[in-house]
Amino acid sequence: MGSTQRLMEKFYDRFNAGDFDGAEACFQPDVSSAEPGIGEMEGSAAWRAHGEDFKRACPDARLNLVSIIEDGNKAVIEGRFTGTQTGPLASPNGELPPSGRKIDLPFVEVNETVDGRIATHRIYYDQVVLLTQLGLMPAE
Amino acid sequence: MGKARDLAERAMDIFHQGDLDELEDVIAWDAEFTMPGVALKGPAQLRQLLEGYRTAFPDMHHTPTNTVESGGRFAWELELVGTHTGPMVTPAGEIAPTGRKVVWQSVDVIDTADGKITSWHVYFDQVTVMAQLGVLPQPASA
């Protein structure tokens, strides 16, 4: 197992447990993140606020590692985000009330680590899948 | 440069040049291909999908911006640029040509074995593409 896999497993485990101090410690303080619908986020505090928003919306939220390709300090991780939206979810169009809907969202993360912490962090997923699962876009 | 990367680059060259018969040389007969809204198996089904993209975006071009490789596995981040001058078939129906130039990013995660691609997972955000085409579905009323 590579060092980034150990780091990602720790990060996901801490996120799943709702331990945001532990999760944030997996990132460099000046980490640069990007995610669909959000855009660029600078710094670990910005990532943490976003992660906490999702955990508030889905208290059972889990990040699940499916596969990882490690190449030096770079890695690509396939994962699935699962959770049930039983809390309010902040969105660009205002706060969404709890829907009780289940989310099962495939995603990929592209990371670079520096000194054993995540220094860049780009997330890719399909917002159509997420919005459809939340009941905000008509099913195909 | 490893063999998995060579295969990914060859598949991309085949797409750009349009010699889609050659897909069989690089895609295993039972290869699994997924992208948002799509799950396919084997080179013939993949060929149909790629022909659809070449019809919708005849000038479509991929530029790798980052690559990782380990063993028989390879992934790249890509910037895709295309002008929507042909009908585009989507899981939600056909979109008439808009003439718009669209730019989006994707990640391909590719597994290889015995000199062929056995699995190819594409991750991108359809909302980013649909917004640029001006065809974003209206949100359902909450």
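Author: Across the interface of chain B and chain A, 12 residue pairs are in polar contact, both residues of each pair being at pLDDT 80 or more. The model is a predicted one, and every value that follows is computed from it.

Reader: Which elements make up the side of chain B that touches chain A?

Author: Those that give two or more residues are strand E3 (61–70), strand E4 (73–83), strand E7 (101–113), strand E8 (116–123) and helix H4 (126–133) of chain B. The largest share, five residues, comes from E3(B). When the residues on this side of chain B are sorted by kind, 15 are nonpolar, eight are polar and four are charged.

Reader: What makes the pair Arg73(B) and Glu78(A) a salt bridge?

Author: The side chains of Arg73(B) and Glu78(A) meet with 3.5 Å from N to O. The cut-off is 4 Å between a side-chain nitrogen of Lys or Arg and a carboxyl oxygen of Asp or Glu, so the pair Arg73(B) and Glu78(A), at 3.5 Å, qualifies.

Reader: How do you know how much area is buried between chain B and chain A?

Author: The size of an interface is often given as the accessible area lost when the parts come together. For chain B and chain A the buried area is about 2,200 Å², of which carbon and sulfur atoms give 61%. In terms of residues, 27 of chain B are in contact with 26 of chain A.

Reader: Why are E1(A) and E6(A) called paired strands?

Author: Four bridges join E1(A) to E6(A), and the two strands run parallel. Two strands pair if there are at least two bridges between them, so four bridges are enough for E1(A) and E6(A). One example of such partners is Ser32(A) with Thr120(A) in E6(A).

Reader: What joins E1(A) to E2(A), and what do E1(A) and E2(A) form?

Author: Here four bridges join the strands, which run antiparallel, and Glu35(A) stands opposite Gly39(A) in E2(A). E1(A) and E2(A) form a hairpin with three residues between them, and Gly37(A) in the turn has a positive phi of about 80°.

Reader: What is the order of strands in the open sheet of chain A, and what makes a strand of that sheet an edge strand?

Author: The six strands of chain A have the order E2-E1-E6-E5-E4-E3, with mixed pairing. An edge strand pairs on one side only, as do strand E2 (39–42) and strand E3 (62–71) of chain A. The twist averages 20° from one strand to the next. Within this sheet, seven bridges join strand E5 (residues 102–114) to strand E6 (residues 117–124) of chain A, which run antiparallel, and Val114(A) stands opposite Arg117(A) in E6(A).

Reader: Which strands does helix H1 of chain A lie across?

Author: Helix H1 (residues 3–16) of chain A lies across strand E1 (27–35), E3, strand E4 (74–84), E5 and E6 of that chain, running at about 170° to E3(A).

Reader: What is the strand order in the open sheet of chain B?

Author: Six strands of chain B form the open sheet in the order E2-E1-E8-E7-E4-E3, and the pairing is mixed. Its edge strands are strand E2 (38–41) and E3 of chain B.

Key
Residues numbered from 1 in each chain as written. Chains lettered and ligands numbered in written order. Predicted model: local features only at pLDDT ≥ 70, side-chain atom pairs only at ≥ 80, totals over all residues. Heavy atoms only, no water. Axes fitted to C-alpha atoms, helices over the stretch in contact; angles between N-to-C directions. Contact = heavy atoms within 4.5 Å. Buried area = accessible area lost by both parts, 1.4 Å probe. Polar contact = N/O pair within 3.5 Å; in protein donor to acceptor, adjacent residues only side chain to side chain. Nonpolar A, V, L, I, M, F, W, Y, C, P; charged D, E, K, R; others polar.
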